[in-house]
Amino acid sequence: MYMSRDGVSVIRKDRSQVLLAPAGTIRVLVVLVRYPETVTADALGFWEDAQKQINEDHMAFAKSRGYKAPVVTFDNTNIVIDPDQIDNPHSPASVRMAAEHHGLTSANYQIVMVIDINPRESAGGLSINSEKSVYVGNYSHWKTPLGAREWKMIARTAYHHEVAHHWGWPATHDWAGACGGGSPEYAPFIAPPILFGWEDLQGKQVPEILSETPYGRVVQ
Ligand SMILES: [Zn+2]
């Protein structure tokens with residue numbers, strides 16, 4: 001679906017292959033690459049708090065719509081590795097191999113994510129649907145230890161932006177008009193929740209994606 005700039009009306013509809021439904025519990029394996037300049041000893045604690053915040057964002061949204069439970073919950077498994085334990089963080093196969101070396105079977109996860117805040121390399125985020133992969137690089141050119149605020153930014157990029165591409169948000173970001181940054185109307189989310197079926201369109205306190213009688217379908 002393509003939304004008008006204000007995110008209110010649908011101006012175009014398309015079908016695309018979506019491998020991951022934007023509902024339920026989503027198991028995520030996170031490989032965090034440790035660079036001494038940016039990723040300090042307390043980084044994992046900050047990161048776990050930031051992940052908690054993402055689930056709380058989904059809980060707050062559900063509560064605001066009168067739902068009994070969040071539409072989406074992330075079940076995260078984190079491992080921290082040194083750069084020499086991974087061949088190439090940009091390669092999903094390398095990320096999976098590094099996880100396997102830590103005894104984790106990447107096939108048990110719906111998303112395999114790498115957080116690669118390399119102080120010597122600026123890079124954005126990238127999702128590859130066929131690889132179930134999310135890469136988040138050093139998009140803010142950080143060169144000093146990341147604190148709680150920065151880890152929250154990174155989590156927001158990873159879960160509210162990059163994972164949204166696995167739910168069908170096109171890489172062109174043209175569903176929502178606003179290019180990737182989102183708009184205050186649906187903050188803290190980055191893409192409009194209505195696009196994932198998270199809104200209650202029928203006043204039943206049930207999100208559309210979980211509705212047994214989806215809006216627009218003729219029930220006989
Ligand atoms: Zn994107």
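Trainee: Are His161 and His173 buried or exposed?
Mentor: His161 is buried, and His173 is buried as well, where buried stands for under 20% relative accessible area, exposed for over 50% and partly exposed for what lies in between, computed with a 1.4 Å probe on protein chains only. Keep in mind that this is a predicted model, in which local features need pLDDT of at least 70 and side-chain atom pairs count only at pLDDT 80 or more, while totals for chains, interfaces and linings use all residues. Residues are numbered from 1 along each chain as its sequence is written, and side-chain values use heavy atoms, with hydrogens and water left out.

Trainee: And what coordinates the zinc ion?
Mentor: The zinc ion is held by the NE2 atoms of His161, His165 and His173, at 2.0 to 2.1 Å. Donors here are N, O and S atoms within 2.8 Å of the metal (3.2 Å for Na, K and Ca), and since water is not among the atoms, sites may look incomplete.

Trainee: What spacing do those donors follow along the chain?
Mentor: The spacing of the zinc donors is H-x3-H-x7-H. Within that set, His161 sits in helix α3 (residues 148-166) and His173 in the segment after α3, twelve residues apart, so the pair links distant parts of the chain. Helices (H or I, at least four residues) and strands (E, at least two) are DSSP runs, numbered from the N terminus.

Trainee: Stepping back, what pattern does the whole chain follow?
Mentor: Read along the sequence, the pattern is β-β-β-α-β-α-β-β-β-α, which gives three helices and seven strands. Of the 220 residues, 47% count as buried.

Trainee: Which strand does β3 join, and in what sense?
Mentor: Strand β3 (residues 24-33) runs parallel to strand β4 (residues 72-81), joined by ten bridges, and Val31 stands opposite Ile79 in β4. Two strands are said to pair if DSSP finds at least two bridges between them. With helix α1 (residues 43-64), β3 and β4 make a right-handed β-α-β unit; right-handed means that, with the strands pointing away from the viewer, the path from the first strand over the helix to the second runs clockwise.

Trainee: What does Leu32 touch, beyond its sequence neighbours?
Mentor: Leu32 is in strand β3 and counts as buried, because its relative accessibility is 1%. Leaving aside neighbours within four places in sequence, Leu32 is in contact (heavy atoms within 4.5 Å) with residues including Val39, Trp47, Ile79, Ile115 and Trp151.

Trainee: Changing topic, how many residues of β7 are buried?
Mentor: Five of the five residues of β7 are buried, and this covers both faces, with Ser133, Tyr135 and Gly137 on one side and Val134 and Val136 on the other.

Trainee: Which strands is β7 joined to?
Mentor: Strand β5 (residues 111-116) runs parallel to β7, with five bridges between them, and Ile115 stands opposite Val136. Strand β6 pairs with β7 in the antiparallel sense over four bridges, with Val134 as the bridge partner of Ser127.

Trainee: What about Lys132, in the loop there?
Mentor: Lys132 lies in the loop between β6 (125-128) and β7 (133-137), in a hairpin with four residues between the strands, and takes a positive phi near 55°. Lys132 counts as partly exposed because its relative accessible area is 42%.

Trainee: Last one: what does the side chain of Ser94 reach?
Mentor: Ser94, in helix α2 (residues 92-101), has a side chain that reaches the backbone nitrogen of Asn88 at 3.4 Å. Ser94 counts as buried because its relative accessible area is 11%.

Methods
Polar contact = N/O pair within 3.5 Å; in protein donor to acceptor, adjacent residues only side chain to side chain.
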